[in-house]
Amino acid sequence: MEPGTIVSAVRSRRVLYGKKIIPAVIIIKEGKIQSILPDSGAIMHRDIEVLDVGDSLVMPGIVDCHVHVNEPGRTNWEGYWTATRAAAAGGVTTIVDMPLNSIPPTTTLGNFHEKLYSATGQCFVDTAFWGGVIPGNQLELKPMVQGGVAGFKCFLIHSGVDEFPHVSDADLHATMKQLQGTDSVLLFHAEREVQHLASEERADPCEYSTFLKSRPDIMEYEAILNVTKLCLQYQVRCHIVHLSSAQSLELIKAARQAGAPLTVETTHHYLNLSAENIPAGATHFKCCPPIRDAANQELLWSALKSGDIDMVVSDHSPCTPDLKCLDSGDFMEAWGGISSMQFGLSLFWTSASKKGFSLFDTVRLLCKEPAKLCRLDNQKGNLIPGHDADLVIWDPEKHFTVKEEHIHHKNKLTPYLGLTLLGEVKGTIVRGRVVYSQGCFSSHPLGKHLLIQHKTQASL
C-alpha cells in the first residue's frame with residue numbers, strides 16, 4: 001500500500017457493505033467505486049492488480065464537517081498542509097473548513113476565492129468550505145451559494161475573533177430570507193449571553209469549575225430556543241454545531257417533530273472528556289461550549305443512540321501554545337479550542353464500542369450524516385457503486401497510545417496526549433489513491449476542492 005499509488009481493487013475479509021461485514025473486493029475505476037463483489041477467492045479479472053489488506057476493516061472514509069484550518073492569515077495556528085495530513089492519518093477523507101479563524105474570514109465571495117487560492121495544492125484529502133454570516137453581509141450569501149460553499153455558519157455570541165462578529169435577531173431574519181429556496185443550510189454556534197448568577201468574585205480562574213460556571217447550560221438552551229423558532233418559521237435547513245448541553249435535547253426533539261428541518265452534531269470531546277476529570281490549570285481542555293459533567297455526557301450518548309443527535313465531528317480548533325496560557329493556567333483567558341481531528345475515529349470507537357454502538361453506527365454518525373448535511377451524500381460517506389472510492393482501512397481491535405511524535409496537526413497540544421485508544425488507522429484512500437499508509441503520506445497532496453451544487457430555485 002505505497003502512498004501515492006492508484007488502486008484498482010481492494011480485497012478484505014472485512015468490508016462494511018450495506019448492513020453486513022463481508023469478505024469482498026471493491027473494484028475502483030477512475031476514482032469511483034465501480035462494483036463491490038463478494039470475495040469467493042477466485043473472482044478477479046487477471047488484468048487487475050488487487051490490494052489485499054487481509055483482516056483489516058474497510059469502510060467509507062470519515063467526513064469531518066467541522067474543522068478550523070485557519071489559513072490564510074493564521075497559519076501559525078494551523079494550515080491546509082498539516083491539517084489535511086492529520087485528517088488522512090485519522091482516516092478522514094473529506095473535511096469541511098469553517099469560515100473562521102482565517103483572515104480574511106469566508107464572509108464574501110472574494111474572501112471565498114482567496115480561501116480557495118490558499119488551499120490550492122495543499123490538501124491531502126478532499127476539502128469543502130463553509131461560508132460565514134456576520135452583520136451586514138446578507139447580500140453576499142447567494143453569490144457564495146452559487147460559488148459552491150456548503151452552507152453558512154453564524155455565532156449568537158462573541159466568536160472569539162473580532163473579524164467574525166456575532167449576529168443579531170434582525171441579521172438572522174434577513175439571512176433566513178436570503179437563504180429561502182437555496183437548499184443551503186445555516187449553522188449556529190448556539191450560545192447566548194444571559195443573566196445568570198455571578199460566580200464568586202474571587203473564584204480561581206485556574207480551576208475548571210470557574211470557567212464551567214461562566215458558560216451554564218441556559219446559554220445553549222436560550223440560543224437553541226431561538227434557532228428552533230427561526231427554523232420553523234422560515235423552513236430553512238438549520239444545524240446546531242457542537243451541542244454540549246443535554247438540557248436542550250427535548251427542545252430540539254420537539255421542534256423536529258413539529259416539522260423543523262433541524263439537525264444537530266456533537267463532538268468527540270463532549271463524548272470522551274468530563275468536567276470532573278479536568279485538572280486545575282489544564283487549559284488545553286478548554287473549549288466553547290464547555291465540556292460538562294459525566295451525567296450530561298451519558299445523556300449525549302443516549303441521544304446519539306436514539307437518533308436525537310445526528311452526527312459526531314471533531315471541531316478541530318487549534319491555536320499556538322501561548323494562546324492556551326499554559327504558564328498561568330488561566331481558563332478564563334485561554335483560547336477555547338481542542339485539536340483532535342486525527343484521532344476522531346479512534347476516540348469515538350474507544351467509547352462507543354463499550355456502549356453497544358456498532359461499526360454501522362460509526363459509519364452513520366461519522367460518514368453518512370455529515371456527508372448528507374453538506375449535500376455531499378451523492379459522492380461521499382458510503383460504500384456504494386458510483387460513489388468516490390474514499391476508504392479507511394483500519395484495525396478496530398488494535399490499541400495504540402497517542403504520542404506527540406505521531407501527531408500530524410501543526411501544534412501538538414491536545415488533551416488526548418498519552419491516552420490509549422482503540423482502533424488504529426492503517427491506510428487512507430481518497431478517490432482511489434493511497435494518501436496515507438502506516439505513518440507515511442503521498443509525496444504530494446492528492447485532495448481536491450469540493451464545490452457544492454445546491455438544488456436552487458430558478459430565481460436565485
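Let me begin at threonine 267, whose bridge partner in strand S14 is valine 313. This is a predicted model, in which local features need pLDDT of at least 70 and side-chain atom pairs count only at pLDDT 80 or more, while totals for chains, interfaces and linings use all residues. Residues are numbered from 1 along each chain as its sequence is written, and side-chain values use heavy atoms, with hydrogens and water left out.

Strand S13, residues 262–267, runs parallel to S14 and is joined to it by three bridges; strands here are DSSP runs of E of at least two residues, helices are runs of H or I of at least four, and both are numbered from the N terminus. Two strands count as paired if DSSP finds at least two bridges between them.

Helix H7, residues 249–257, packs on the sheet and touches S12 and S13, where contact means heavy atoms within 4.5 Å. The direction of H7 makes about 150° with that of S13; axes are lines fitted to C-alpha atoms, for helices over the stretch in contact, and angles run from 0 to 180 degrees between N-to-C directions.

Helix H6, residues 217–234, lies across S11, S12 and S13, and runs at about 165° to S12.

Stepping back, the open sheet has six strands in the order S9-S10-S11-S12-S13-S14, with parallel pairing. Strands S9 (131–132) and S14 (311–313) stand at the edges with a single partner strand each, so one side of each is left without a neighbour in the sheet.
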